[in-house]
Amino acid sequence: MVDASEKYGEGQQMMTAAEPIAAGEKIWWCTCGDDDYMMSRDEIYHLMETQPHLKNFLCWYSYMTEDDMYMIPRTFAAQQNNDECVLFNHSCEPNCGFDTGDGNTIVASRDIAVGEELTYDYHFLETEPSLIRGLECKCETPSCVGRLMFDRYRDEEFQKRHYDHMSPYLQARVRELKTKWYSTKCFTRSATPTKAKSLHALEWIHAGEVVARFSGAIAPENHFIQAANETDATCVVDEYKQVIALCDLPPEAEITLNYHGKLL
């Protein structure tokens with residue numbers, strides 16, 4: 001562990017290699033998945049509203065397992081971390097990633113020299129609903145993206161280079177893109193005992209914007225878009241199987257279709 005105040009800000013730390021590390025070598029096994037609480041997006045936002053002093057901690061030390069589900073440390077009320085794996089900082093040119101066979105294990109993605117900082121790309125772990133979306137990157141690498149918008153998993157070149165080092169959640173999202181594509185302005189809400197998995201606006205969507213696309217037959221079972229009657233549907237499908245917003249949709253609004261209606 002090394003002081004990283006100069007690079008990341010007062011009091012920040014980073015992990016560095018104490019000896020040479022070979023590509024593929026296991027570096028760290030995180031206990032987070034075993035020790036953490038799972039909370040929904042709504043539950044975390046409620047916590048932030050009722051206990052605003054926890055906001056920064058919840059944003060920084062949560063990680064995604066679904067579009068609307070996050071893991072947070074059991075010790076969040078005391079603002080304490082369960083595992084020092086949180087000290088692996090972000091880099092747009094990382095030297096670490098997640099083990100394909102075990103999402104809790106961090107491995108070297110290339111040979112690492114003594115003294116090098118140990119980093120992974122936060123895009124391996126988070127998508128657009130990330131609680132730190134918009135974070136300014138400080139990796140200082142030639143390919144730095146500037147701000148982390150957590151949409152790089154959509155890029156085919158990024159997928160080819162890094163798929164094997166993504167978390168299980170990210171790998172699942174990459175696979176879903178092939179059959180159930182939706183806009184960076186959307187996110188899914190997990191199924192409940194009374195409601196199927198559904199698609200919602202993450203930020204304002206304007207009338208006429210493409211919000212999703214069908215790759216197969218236009219049917220509820222082929223996407224996360226639930227059915228609505230003609231007067232309540234928020235979107236319509238065009239001749240290219242693109243789902244188009246019928247009106248301006250505020251954050252959290254559900255994306256719905258009248259599946260028996262006519263094409264746009």
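The questions and answers that follow concern a predicted model.

Me: Which residues of helix α3 are buried, and how are they arranged around the helix axis?
Reply: Helix α3 covers residues 41-50, and within it R41, I44, L47 and M48 are buried. In general, residues of an α-helix three or four places apart point the same way, because there are 3.6 residues a turn. Seen down the axis of α3, the buried residues fall within an arc of 125°, so what they line is one face of the helix.

Me: Against which elements do the buried residues of α3 pack?
Reply: The helix itself runs over residues 41-50, with R41, I44, L47 and M48 as its buried residues. The partners in the packing of these buried residues are β4 (37-40), α4 (55-60), β6 (69-72) and β14 (186-189).

Me: Over which ring does the charged end of R41 sit?
Reply: R41 is one of the buried residues of α3, and its charged end lies 4.7 Å from the centre of an aromatic ring. The ring over which this charged end sits is that of F187.

Me: What kind of aromatic pair do Y37 and F76 form?
Reply: The structure holds eight aromatic pairs. In the pair of Y37 and F76 the ring centres are 6.4 Å apart and the planes stand at 75°. Planes over 60 degrees apart count as edge-to-face, and so the pair of Y37 and F76 is edge-to-face.

Me: How many residues apart are Y37 and F76, and where does each of them lie?
Reply: Y37 is in strand β4, while F76 is in the loop between β6 and β7 (89-90). Y37 is partly exposed at a relative accessible area of 35%, whereas F76 is buried at 11%. The pair links distant parts of the chain, its two members being apart by 39 residues.

Me: What kind of pair do the rings of F57 and Y61 make?
Reply: F57 is buried, having a relative accessible area of 5%, and Y61 counts as partly exposed at 29%. Their ring centres are 4.8 Å apart with the planes at 50°. Stacked rings have planes under 30 degrees apart and edge-to-face rings over 60, so the pair of F57 and Y61 is tilted.

Me: Is D121 buried or exposed?
Reply: D121 is placed in the loop between β10 (119-120) and β11 (135-136). Leaving out residues up to four places away in sequence, D121 touches H90, S91, C92, P94, R152 and F158. Its relative accessibility is 0%, and because buried means under 20%, D121 counts as buried.

Me: With which side chain does the side chain of D121 make a polar contact?
Reply: Among the residues that D121 touches are F158 and R152. The polar contact, at 3.3 Å, joins the side chain of D121 to the side chain of R152.

Me: Where in the chain do R133 and E203 lie, and how many residues separate them?
Reply: R133 and E203 form a salt bridge, with their closest N and O atoms 3.0 Å apart. R133 lies in the loop between β10 and β11, and E203 in the loop between β15 (198-201) and β16 (210-214). R133 counts as partly exposed at 28% relative accessibility, and E203 counts as partly exposed at 28% as well. The pair links distant parts of the chain, with a separation of 70 residues.

Me: Which parts of the chain does the salt bridge of K185 and E209 tie together?
Reply: The side chains of K185 and E209 meet in a salt bridge of 3.2 Å, N to O. The two parts it ties together are 24 residues apart in sequence, because K185 lies in the loop between β13 (180-182) and β14, and E209 in the loop between β15 and β16.

Methods: Residues numbered from 1 in each chain as written. Predicted model: local features only at pLDDT ≥ 70, side-chain atom pairs only at ≥ 80, totals over all residues. Heavy atoms only, no water. Buried < 20%, exposed > 50% of the residue type's maximum accessible area, 1.4 Å probe, protein only. Helix = DSSP H or I, 4+ residues; strand = E, 2+ residues; numbered from the N terminus. Arc of directions from axis to C-beta. Contact = heavy atoms within 4.5 Å. Phe/Tyr/Trp six-rings, centres within 6.5 Å; stacked < 30°, edge-to-face > 60°. Lys NZ or Arg CZ within 6 Å of the ring centre and 35° of its normal. Polar contact = N/O pair within 3.5 Å; in protein donor to acceptor, adjacent residues only side chain to side chain. Salt bridge = Lys/Arg side-chain N within 4 Å of Asp/Glu carboxyl O.
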